[in-house]
Amino acid sequence: MEQFFMAVILFVIALVARRKEAFQFRWQPTRHTWVAVGTGVLAFAFSASMLLVGPESLTAKIIHQIGIYVLCGVAIPWGYALLVERSGPAGLGLVREKWRLSLTLNLILAGLMSLIIIFEADWSAIHWGNLAKAAVALVGAGGLFELFLYYGFIHLRLEKAFGMIPAILLTALIYVTWHTGTQLPLEADPIAALWKLFWVGVMYQSVFSLTRNLWVIWPFFHGVGVMIDFVVNIGKVDRVAADFPWAVGTLIAMAASGVALTLLSTRNRARVRS
C-alpha cells in the first residue's frame, strides 16, 4: 500500500512541476519508438520463457543474465543510441543537465524509503554477507538493466512520441511484464504483486520525469526500493545472494558490451569525418 500512495504523490508532484507540458498529448511515434517498445517486449518474452524451462535451471539463468540483462539492458539500448540514432549517452538519459538536483532528489527519496527497511525488516534473520551479495545482483546488474532499458531507452522515446503522462503510465506497464518469470514466481500472491509493481513503476517513472536524468533514480532510490521488495516483502535475500557469481559475470559482460559499442561508435564517427 505504501507504493500506491507514494506513486500517487510523486505522480502529482511531477504533473505540478511540469504543468506547462504535462497535458500535451500527441501521436508522433517513429521507428525509434517501436524499437524501444519492442526491446521491452523482448525482455518480457525472455522472462516468460523462464517459466517454461524452470526459473532455477541453467537455461533460465542464461536467459535472465545474458538475454535480459546484457542484451535488453545494454547491447540493444546502447547499440541503438550510439550506432543508429547517434544520440550518444544523452539519448539514454546520461546528461549533465540537472545532475545536482537529480542526485539530491535521489538521496532524499532513498532516505525516506529506507525507513521502511529500518522499521519493517527482520534484521535478526538477515545475513549481512548475503545482503551485500544480493545488493550487487539487484542494484548492480538488475538495476543497470532497468535503468538503461525502462528509463533511458523506453521512457524518453515514449515521451517524445506521446507526451509525459503516456510515457509514465505506458513505461510502468511495460516494466511490470519483465517480472513474469523472475519475481512473480517468488511472490505469495502474483496478482497482487502485479498491482504493486505497476505502482512501483509509476512511482519511479514519475520521479525520472522530473529531470529526465538517470542520476535521479540510481543507485540510491532504486537500490532502496528493490531491497525493500526482497528484504521486507518477499524475504528471498539468500536466494538472490546465491546468484552472486552470475551477477558479477553479468556486470563484466555489461561493461564489456558498453565499452565495445562505445569504441565502435567512436570508430564510425572517425570514418565519417575522414
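## Aromatic pairs, salt bridges and a helix crossing

The count of aromatic pairs comes to 16. The model is a predicted one.

**Aromatic rings.** Tyr80 and Phe153 have ring centres 6.0 Å apart and planes at 65 degrees, so this pair is edge-to-face, the angle being over 60 degrees. The pair links distant parts of the chain. Tyr80 sits in helix 3 (residues 58-85) and Phe153 in helix 5, 73 residues apart. Tyr80 and Phe153 are both buried.

Phe145 and Tyr150 also pair. Their centres are 5.6 Å apart and their planes stand at 90 degrees, so they too are edge-to-face. Both Phe145 and Tyr150 are buried. Elsewhere, Phe4, Phe5, Trp195, Phe198 and Trp199 form one aromatic cluster.

**Salt bridges.** The structure holds 9 salt bridges. Three of them are listed here.

| Salt bridge | Closest N to O distance |
|---|---|
| Lys61 and Asp243 | 2.8 Å |

Asp229 belongs to helix 8 and Lys196 to helix 7 (residues 190-211), so their bridge ties together parts 33 residues apart in sequence. Both Asp229 and Lys196 are buried. Glu187 is buried as well.

A network is also present: salt bridges with shared partners join Arg18, Glu21, Glu159 and Arg212.

Now take Lys61 and Asp243, which form a salt bridge. Lys61 is in helix 3, while Asp243 is in the loop between helix 9 (237-241) and helix 10 (244-273), so the pair ties together parts 182 residues apart in sequence. Lys61 has a relative accessible area of 16%, so Lys61 is buried, the cut-off being under 20%. Asp243, at 22% relative accessibility, counts as partly exposed.

**Helix 5 and helix 6.** The axes of helix 5 (residues 128-162) and helix 6 (residues 164-177) come within 8 Å. They cross at roughly 145 degrees, and the crossing is right-handed. From helix 5, the contact includes Glu146, Tyr150, Ile154 and Phe162. From helix 6, the residues include Met164, Pro166, Leu170 and Tyr175. The contact residues divide into 11 nonpolar, 2 polar and 2 charged.

**His222.** This residue lies in helix 8 (residues 220-233). Its relative accessibility is 4%, so His222 counts as buried. Leaving aside residues up to four places away in sequence, His222 touches Leu138, Gly143, Glu146, Tyr204 and Ile217. The C-alpha atoms of His222 and Ala110 are 7.6 Å apart, although 112 residues separate the two along the chain.

Note on methods: Residues are numbered from 1 along each chain as its sequence is written. This is a predicted model: local features need pLDDT of at least 70, side-chain atom pairs count only at pLDDT 80 or more; totals for chains, interfaces and linings use all residues. Side-chain values use heavy atoms; hydrogens and water are left out. Axes are lines fitted to C-alpha atoms, for helices over the stretch in contact, and angles run from 0 to 180 degrees between N-to-C directions. Helices (H or I, at least four residues) and strands (E, at least two) are DSSP runs, numbered from the N terminus. A crossing is left-handed if the near helix is turned anticlockwise from the far one by less than a right angle, and right-handed if clockwise. Contact means heavy atoms within 4.5 Å. Ala, Val, Leu, Ile, Met, Phe, Trp, Tyr, Cys and Pro count as nonpolar, Asp, Glu, Lys and Arg as charged, and the others, Gly among them, as polar. Rings of Phe, Tyr and Trp (its six-membered ring) pair if their centres lie within 6.5 Å; planes under 30 degrees apart count as stacked, over 60 as edge-to-face and the rest as tilted. Buried means under 20% relative accessible area, exposed over 50%, partly exposed in between (1.4 Å probe, protein chains only). A salt bridge is a side-chain nitrogen of Lys or Arg within 4 Å of a carboxyl oxygen of Asp or Glu.
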